[in-house]
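Please examine the sequence and the structure shown here before reading on.

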Amino acid sequence: MENILPKRKVYDRQDAYAKITGKVKYVADLKFSGMLYVQTVRSPYAHARILKIDSSEALKLKGVVGVYTAKDVPGKNQLPKDKPVLVEEVAKCMGDGVAVVVANTKIQAMKAAKLVKIDYEELPAVYDPEEALQEGASPVHGDSNSAAGHTTMKGDLEVGFAEADIIIEREYSTQRAMHAAIEPDGAIVIPEANGLLVYCPGKGPFNIKRAVAASCGLNENQVRLIQPTIGGAFGGKDADINVIAARAAMAALITGRPCKMIWSREEVLLEGTKRHPFKLKYKVGAKKDGHITAMEIKGLADVGAYISKSQATIWRATVEATGPYKIENISTTIVGAFTNNVYSDAVRGFGSPQVDFASESLMSELAKELGMDPLEIRRLNAYTEGSITATGQELTGVNLIECLDKLEEVFPCHEKPAPAPKGKVRGRGISCIFRGEAMGAGFPIKDAAAVNIHIEKDGSLVVFSGIAEMGQGGSNIVLQMISEVLGVSIESMKMSPLDTSYVPDSGATVGSRGTITSGNAAVIAAQDAKDRMSKIIAEKWNSKLEDLVFENDTIFTKNQSKQISFSDAVTLCYKEIPGVYGYGWWSLPSVWWDFEKKCGDTYASFNYGACGAEVEIDLTSGKVEVTNLVAIHDVGRILNEPEVKGQIAGGVSMALGLALTEEVAIEKGILKTTNFDHYLLPTTLDFHQFKAIPLEAKPGTNPLGVKGVGESSSATVAPAVLNAIEDALGVRIRHLPADLESVFAAIEESESLGYIKGGVRQN
C-alpha cells in the first residue's frame, strides 16, 4: 500500500447541517407504533440481599403491561463478576437494577416503578479499596476483593536507589468522575419475525449486538443494530448501554412490542459507570544533575462492584505510569479492588490521565527539590529514538523532544507571569506525556477495521464503515481519504447509516484508534476500487495502469492525451464488470505481553504531548482561572486541521473539569452527586487564552502516517494546571480536583508558611 500524502483541503462535515439545525434524530426522538416504555427499579442499598419482590400494586396501575426480574431474562444474565442485566440475589452497589416495569407511557412506567415493593436484607459492605483488600473484609465477589493487578519490572531497584543522590516519596490521588455526555444513554428494541431490531447509540455497535444476543439467548445474526446519531460518549455509552439494550430487548421479546428505555440524567449518575479513582505512591531517585536512577510505583484503583474493563484500564495505567522518561531501574505495581461503590469503566483516557497527573506532578516536585528548571529536567530524561520503555519495548518515531521544543517556543516557561491584580497570584506549570495508541496488548484481539465502497451507476459513492461516529469527525476522515485516492468530491459520497446487517465490524471507537484503523482501511478500499476501474480504462485506452491519474472528478493520462469524467468511466466499467466497488481491511501490527516476565511490546505506536498552563488564583475565594493554556500534540500527519484542533480542544475541556471542578461524591456507597447542579462542568467561560497545536514532527508508523489524539489530549492538562497552582502558591495539591476548598486550604497553608504575605507571593 502506497503512502498517501493528504492535500490538506478542509472538508465540510456531512452531519453538520442536520445537527446545528436540530433536524437530526437521536434515539430519544424515535417513536414506533405500539411502543412501550421501560423503567428500572433499583436497589437503594450498597450491598443487600433480595428477599422478596412484590409487583402486585404496580401491576394494578393503568397502562402497566408487566414487571420483570432476573428470572425473566431469556438468555445469559451475567458474566462472572460483571454487571448483570438484572440482579438475581444480591445487589452489590447502590443503583443496581433489580426489576423493570413496562408500561404504555413513560409516566406510567415511572409511577409503577415506585410501587414495586422489594424486601432487602442489608449486608456488610466495603467502600474503601485499601480496606477491601485487608483480611476479613466483606467480599463483593467470591472470597477476595482483588479485582485486577499488573506489574512491570526493569533493572534493579536496589542498585538504582543506591546510585541516587536524592530520593523523594510522594502520594497522589484522583477522583471519581463521569463522562457527562449531553445525551443520556438509551435504546429502543423492536421484535421482528426472527429476531430483534435495536436502535442504540453506542461506541461499540457490534459489542451491543453481541450483548443483546447473549442476554436474549439468540444467535448474533438474529440481532440487527441501527445506530442513531450519538450525542457524545467520551468513553461512555459502553458497558451501560449494553445493559440498557439488554433490558429493553428482554421486554420486547416478552411483550412482542417495541420497547424504549431512555435514562434520565439522574439515572445516568445513579447507575452509570465512572472514571476509576486512583491512589498512587511514587518513590524516585535521581542524581544531582537530574538524571533519574530509579522509580518505584505502587497504585490502587477503586474498581467498584463489577469488573467491566478494569483489567485493561489498570494494565494501561501500569505500563505508562513512569511517564515518558528513560529510567533503568523500575518497579510498578497497580492493583484494583472490588468495593460496593458504583462500578468503574472506560472514560476518555482509559487510565492514562490518572498516572500522568501523578508522574508529571512528581517530575515538577523533583525539579524543585534539585533546584532545576521543570522543562530542563524533562528534556534530560525524555524518551528519544530507540529508548527502552519500562516494559522493555524499543521506541521508534519518538517526538517528545519536538513537543517540548514547541512548548518552549510558544509558552513562556522560563518567564515569571505578569504581576497579578491585588488579592490574586499567578503561576505557570508544564507537563508532557506519552501514550500507547489504540487497543494494545491489554486487549487480546486483532485491532483492525474495514471499509467498503459501492460506486453507483451514476458515479456517486456509498461508503460503509463500522466505526461509530460520536462527534469526533471519524466519518469525515473516511470520506476524505476516499476522495483523495479516487479524485472525487466528498459531495458525491454518502456515508451509509451504521447498520450491523451490512457494515463491517470494525471494533469500538476507543483508544484513539478510529482514524488510524478506519482511515487506513478507507485508503485500501479506495485503491481497490481504483484498481478495478483502472484496469478497464487502461485496456480501452491501450494505456499503462501507472499512467492513469484520478483527480477533480476526472480520469486522465499523465500526458493528458485522453480523459474521461469519473461518472462516464463508471458507466464504461459497468458495461464490462458486474459491479464497481472496493473493500479495505487494515490492522495494526501485532503486539504482545508476557504476564510471567512482566514485559512486552505494549503498543504498535505511541503519541506524545506537552502542555503549558498559566493560572490566576483569587486568594479570597480560592477560585482558579486558567488564563493561558497551550496544548501540543504529536499527530504524526495532519489530515484535517480543524478536526484535529477540535479534538484537542475537546480533550482539554474535559481535562479542565478533571483538574479543577468535577467529582462524583459517594459516601459509604451512597451517591451524593445526583445531577449536574452539583457536578461542575467547565464551559466556554472557562476557556481564556487557549491554543491547540497539532504537531507534525515524524509520521506515524502506518501508511497514512497518522496518530490518534482524542484521548491523549485529556491527559496533559491536569498536571500542568496543578503544577501552575504550586508555582503560584508555593504549596502542592496532590489530590484531584483542585476545587475551591482544596485551593483555599492550600492558600491558608501558603500564608502560614510565609509564601504569601499581604496578598502577595513572596519569592
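## The second largest pocket

In this predicted model, strand β16 contributes the most to the lining of the second largest pocket, giving six residues. The volume of this pocket is about 890 Å³. Its lining comprises 35 residues, and those closest to the centre are K416, P417, R426, R428 and D727.

Several elements supply two or more residues to this lining: α10, α11, β16 (424-436), α17 (717-729) and β30 (760-761). Sorted by class, the lining of the second largest pocket holds 14 nonpolar, eight polar and 13 charged residues.

## The packing of α10 and α11

Two packed helices are described by the angle between their axes and by the distance between those axes. Helix α10 covers residues 352-370 and helix α11 covers residues 374-381; they pack at an angle of about 110°, and their axes are 9 Å apart. Angles of 65 to 115 degrees count as roughly perpendicular, and α10 and α11 are therefore roughly perpendicular to each other. Their crossing is right-handed.

On the α10 side, the contact is made by E360, M363, S364, L366, A367 and L370, while α11 provides P374, I377, R378 and N381. By class, this contact of α10 with α11 contains six nonpolar, two polar and two charged residues.

## The packing of α16 and α17

Helix α17, one of the elements in the lining of the second largest pocket, also packs with helix α16 (residues 641-660): the two axes come within 8 Å and cross at roughly 45°. That angle makes α16 oblique to α17. The crossing of α16 and α17 is right-handed.

Which residues make the contact of α16 and α17? From α16 they are V652, A655, L656, A659 and L660, and from α17 they are V717, A718, V721, L722 and I725. By class, the contact of α16 with α17 consists of 10 nonpolar residues, with no polar and no charged ones.

## Cavities

Rolling a probe the size of a water molecule over the atoms shows where empty space is left. When the whole structure is searched, five cavities of 30 Å³ or more are found. The largest cavity holds about 130 Å³ of space.

The lining of the largest cavity is formed by 15 residues, and H179, A180, D185, G236 and V268 lie nearest its centre. By class, this lining has five nonpolar, five polar and five charged residues.

Conventions:
Residues are numbered from 1 along each chain as its sequence is written. This is a predicted model: local features need pLDDT of at least 70, side-chain atom pairs count only at pLDDT 80 or more; totals for chains, interfaces and linings use all residues. Side-chain values use heavy atoms; hydrogens and water are left out. Axes are lines fitted to C-alpha atoms, for helices over the stretch in contact, and angles run from 0 to 180 degrees between N-to-C directions. Helices (H or I, at least four residues) and strands (E, at least two) are DSSP runs, numbered from the N terminus. Angles under 35 degrees count as roughly parallel, over 145 as roughly antiparallel, 65 to 115 as roughly perpendicular and the rest as oblique. A crossing is left-handed if the near helix is turned anticlockwise from the far one by less than a right angle, and right-handed if clockwise. Contact means heavy atoms within 4.5 Å. Ala, Val, Leu, Ile, Met, Phe, Trp, Tyr, Cys and Pro count as nonpolar, Asp, Glu, Lys and Arg as charged, and the others, Gly among them, as polar. On a 1 Å grid over the protein atoms alone, a cavity is a set of points where a 1.4 Å probe fits but cannot get out, and a pocket is an open set with protein on both sides within 12 Å along at least five of seven lines; lining residues have an atom within 4 Å of a point. Grid points are joined across faces, edges and corners, and a volume is the space filled by probe spheres set on the points.
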